[in-house]
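Here are some exercises to work through with the structure open beside you. Try each task yourself, then follow the solution step by step.

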Amino acid sequence: MTVAPSRAIGAPIDRIEGAEKVAGKALYSYEHDVEGAVYAAIVTSTIAKGEIRAIDAAEALGVPGVLAVLTHENAGTVEGEGELAVLQSPRVAYRGQIVGAVIAETLEAAREAERLVRIDYDVEEHDVVLRADHPGLYKPDKVNPSFPTDTEEGDIDHALTEAGVMVDETYRTPAEHNNAMEPHATIAIWENGGLTLYDSNQGAFRARQTIADALGLPHESVRVISHHVGGGFGSKGLPRPHAVLAALAARLVGRPVKVAVTRQQMFTLTGYRTPTIQHLRLGAQADGTLTAIAHDVFEQTSTVAEFAEQTAVVTRMMYAAPNRRTSHRVVALNVPTPSWMRAPGECPGMFALESAMDELAIACDLDPIDLRIRNEPEIDPESGNRFSTRNLVACLREGAERFGWSERAAPGSRRHGHWLVGLGVASSTYPARRAPSTAYARAEEDGTYTIRIAAADIGTGARTVLTQIAADALEVPLDSVHVEIGDSDFGQAMLAGGSMGTSSWGAAVVKACRELRTGKDEAHADTSVDVDADEPLAKHAYGAQFVEVRVNADTCEIRVPRVLGVFACGRIINPKTARSQFLGGMTMGISMALFEETVIDPAIGGFVTQDLASYHVPVNADIEEIEATWIDEVDLHVNPMGAKGIGEIGIVGTAAAVANAVYNATGVRVRDLPIRPDRLIGKLSG
Amino acid sequence: MEPFRYERAADTASAVATVDASPGAKFLAGGTNLVDLMRLGVERPGVLVDVTRVAGDTIEDADDGGLRIGAAVRNSDLAADLRVRTRYPVLAEALLSGASGQLRNLATTGGNLLQRTRCAYFQDVTKPCNKREPGTGCPARDGDHRNLAVIGHSKQCVATHPSDLAVALAALDATVQVVGPAGDRAIPVVDLHRLPENTPERDTILERDELIVAVAVPSLAFAERSAYRKVRERASFSFALVSVAAALDVSDGVVRGVRIALGGLAHKPWRAFAAEDALRGEPANAAAFAVAADAELAQAEPLRDNAYKIPLAKAALVQTLLGLLQ
């Protein structure tokens, strides 16, 4: 295959809907003006386990403007499973679960009445704390989405006994919440014998299928519209229970219903990253050559549904060794079901692996970059397949040069005034997959082109990037192409997840445009056969993050003055939106390293952290000099654009790079995230 | 949010009279905390009496050489005042370390002092909290208290007071001027807030219908050499893990005068009298500062997860005092 000459691809095009967004004209789901719409306020459980004995809605119903109180007693049947089996039983599976909703003429009345719904419970003893020795730990049949739970080759225990150098440590990451800026929101409208939903999600088509199935409706009778989405990070990947609730509420009152999940409710209703306990064992020869890699993970799921994060899966392909083992064990607790959060699996897994690699480098007295280069595999250690492209080493070398890695000094030896200074590095990787999608293209009479695809722009720039891809495929100027997305009526398409959006949608857009160029006025493309014919290669993006930290020698405050990410992600379609994706991912990684933690109270049985004052993410002052760059790479094995997905790789590895830099600054290794002053104070020497 | 009535007060007397007459009434100033708490259902005032136009929005030179700050002066304006910045840098620094620019543009001097604890249990009406609902218990004591009190807490409450401004004012011996149905009174800031003891629902000694109309900051020559140091995980826009307000008067290498107050440690801004006593007349050096910090922090009784605050407060205090020597 030859690379087509490109004009729009590779250009730093501004977001097409940017002006609309900054002018407030871009309508997000909840903002659509729907005639006759009323408001639902969600009522959540205040116990972690038990059963509803009685609901007294009289006082709530007495609030002027209140139309109805929806509970399991009047919700009607829902066929959805897990978290989508909304209001189907009096059972309570976690604190903060949906147990009802108040529907009113105004949001104010709904919110006021929501507090007046009295619920009596039969309370049962709950269990909400993950531990590595929990008796309820079990081996799931697979890990998200469908990876083998465990892998083993060679004789890991023997190899570790024989290893000249060993790292044997446990790393912990806390529960973390996605916290998109736009809360999850849905407007449900029953009309013309069907259901229309304005819904904030990462894939309108998948949302339609799932919600239709949950409500027992034919897929064709449901339409999901999501033109603009204010962030998702995985939490809007699949429909959340409030979307089903909106439909139930609208059916009950016979009016369109608006539901927005409150920031507080987002902590229990929209998914989160499971806490992890990760036991890492690395064995190596004195020269750093790995002989054994073992990564055993303990994490949680709920009693509602199983979600087993694929935390150790990345370790199967990252570095080679003759003796390797990975395992996942989960325990079902009385907690909300964990779900996707930016780079599920790779993100927490690489924190542990890349921290352990740093510890191994120190144990071998090697530069951590040299250690990684020494262990760079020729072929995918897991599958034995060739890599389509693997430019990790190039990223490490390029980053070392640009960042001034040679300035790195011995741990705890660099100081500027009150501040200890350290540098850290970590590798990053993310799969470069794609999934079948359909797209429609039409040549208009005025010489312009219309493209329709059920893609989602969750702030990534997808609408802009797809316009660039279409313009080049048609060999026409950008402003001749009008791309419409975010509507389930446009047909099957991959959701914005797994860094697969651009790769999957772009291929379908290219295919539709190429068909148009054969002289047709319109074309429907489906990439199913192309995806099925993809070569059996190991396809991944790579990167390396370099971080400088300063740790206050007295108070142990941690600041991050400098971050650089170098990435190898195939062809970069839009340098401007790509840079934003990389910087956003790395910012989220710094956040994971230093701030983010959702605290659970074992006695109360629920999360204590409940808003952005208690759940910290970085503010501008926390992100100083941060830059992303990339090496030239075009990988036509992954898709016709030669581009790998970039939504997730920025976060992967960043937390480890921060932790490694903190070690270099202080000589103290923190293996539990987040790294805070309380975890360092009293441990610094001198 | 429950329905409420909004009234704009014509003067302080009528504001006080209205609140006095309605058991569910509250004064409203910037609203940056009260309105949030209303949305959460923590505060449910039937009447809001807006005092922003009557509580005084000027900063005046007082006869003693100090300043009289109207209670409705916005945090941004107070922090920007040249007299504040030159005579009391600790005050300007404390203000600027708090919240965000947008919030400081709204928040008032009086309201800042009366903001409620950010203890997560207090802010969640589905959880027990003795401060919000007396008698329901304090889950923070055995639960999430990493950022709560290490000094002066009780079995009933381990909350901290969140204000930075209050810490600086405590160090400066400021006084709040109060108008109430029973007349006017002046209350030293160090006595305004109280320890929780068995009545954590009361943050201060103010009666419900007493209105702060001004804060008097007395003249203190050596406050020109003062600073506020706020230690926190995030670089901005978060409450203190610990904070230090300090002013230092040194001559011939000896501490002649010193003022220290600590934030983030207690249910009130914690004036460090023991540390001050330990320092006066001592050499101004790191060793003496450390001894003073130990003298103050000896009374701390940390909970399971917040003992880190003791070495942290000590480090911040020593660092701040050393900084004032330069």
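**Exercise 1.** In which strand of chain A is the place of V547(A)? Decide also whether V547(A) is buried or exposed.

*Solution.* Before starting, note that this is a predicted model, in which local features need pLDDT of at least 70 and side-chain atom pairs count only at pLDDT 80 or more, while totals for chains, interfaces and linings use all residues. Residues are numbered from 1 along each chain as its sequence is written, and chains are lettered from A and ligands numbered from 1 in the order in which they are written.

Step 1: Find V547(A) in strand β22, residues 540–552 of chain A. Helices (H or I, at least four residues) and strands (E, at least two) are DSSP runs, numbered from the N terminus.

Step 2: V547(A) counts as buried because it has 32 C-beta neighbours inside 10 Å.

Step 3: Look for its partners. Two residues are in contact if their C-beta atoms, placed from the backbone, lie within 7 Å. Leaving out residues up to four places away in sequence, V547(A) touches G424(A), V560(A), V563(A), A657(A), V658(A) and A661(A).

**Exercise 2.** Where in chain A is I604(A) found, and which residues does I604(A) touch?

*Solution.* Step 1: I604(A) is in the loop between β24 (600–601) and β25 (606–607) of chain A.

Step 1: Count neighbours. I604(A) has 23 other C-beta atoms within 10 Å, so I604(A) is buried.

Step 2: List the contacts. Not counting residues up to four places away in sequence, I604(A) touches K127(B), P139(B) and G143(B).

Step 3: Check a pair within chain A. I604(A) and I47(A) are 557 residues apart in sequence, and their C-alpha atoms are 7.7 Å apart in space.

**Exercise 3.** Describe how helices α12 and α13 of chain A pack.

*Solution.* Step 1: Recall what to look for. Two packed helices are described by the angle between their axes and the distance between the axes. Axes are lines fitted to C-alpha atoms, for helices over the stretch in contact, and angles run from 0 to 180 degrees between N-to-C directions.

Step 1: Read the values. Helix α12 (residues 462–474) and helix α13 (residues 501–516) of chain A pack at about 30°, with axes 9 Å apart. That makes α12(A) roughly parallel to α13(A) (angles under 35 degrees count as roughly parallel, over 145 as roughly antiparallel, 65 to 115 as roughly perpendicular and the rest as oblique).

Step 2: Sort the residues of this contact: 12 are nonpolar, three polar and one charged. Here Ala, Val, Leu, Ile, Met, Phe, Trp, Tyr, Cys and Pro count as nonpolar, Asp, Glu, Lys and Arg as charged, and the others, Gly among them, as polar. On the α12(A) side, the residues include L466(A) and I469(A), and on the α13(A) side they include W505(A) and R514(A).

**Exercise 4.** How many residues does each chain give to the contact between chains A and B?

*Solution.* Step 1: Chain B gives 27 residues and chain A gives 31.

Step 1: On the side of chain B, helix α12 (residues 309–325) of chain B gives the most, with five residues.

Step 2: That side of chain B divides into 12 nonpolar, six polar and nine charged residues.

**Exercise 5.** Which backbone features stand out at P145(A), F233(A) and D252(B)?

*Solution.* Step 1: The peptide bond from N144(A) to P145(A) is cis, with omega near -10°. P145(A) is in the loop between β6 (118–123) and β7 (151–153) of chain A.

Step 1: F233(A) is not a glycine, yet has a positive phi of about 60°. This residue, F233(A), lies in the loop between β11 (222–225) and α6 (241–253) of chain A, and is buried, with 27 other C-beta atoms within 10 Å.

Step 2: D252(B), also not a glycine, has a positive phi near 50°. D252(B) sits in the loop between β10 (242–251) and β11 (254–263) of chain B and is exposed, with 7 other C-beta atoms within 10 Å.

Definitions and conventions:
Buried ≥ 20, exposed ≤ 12 C-beta atoms within 10 Å, placed from the backbone.
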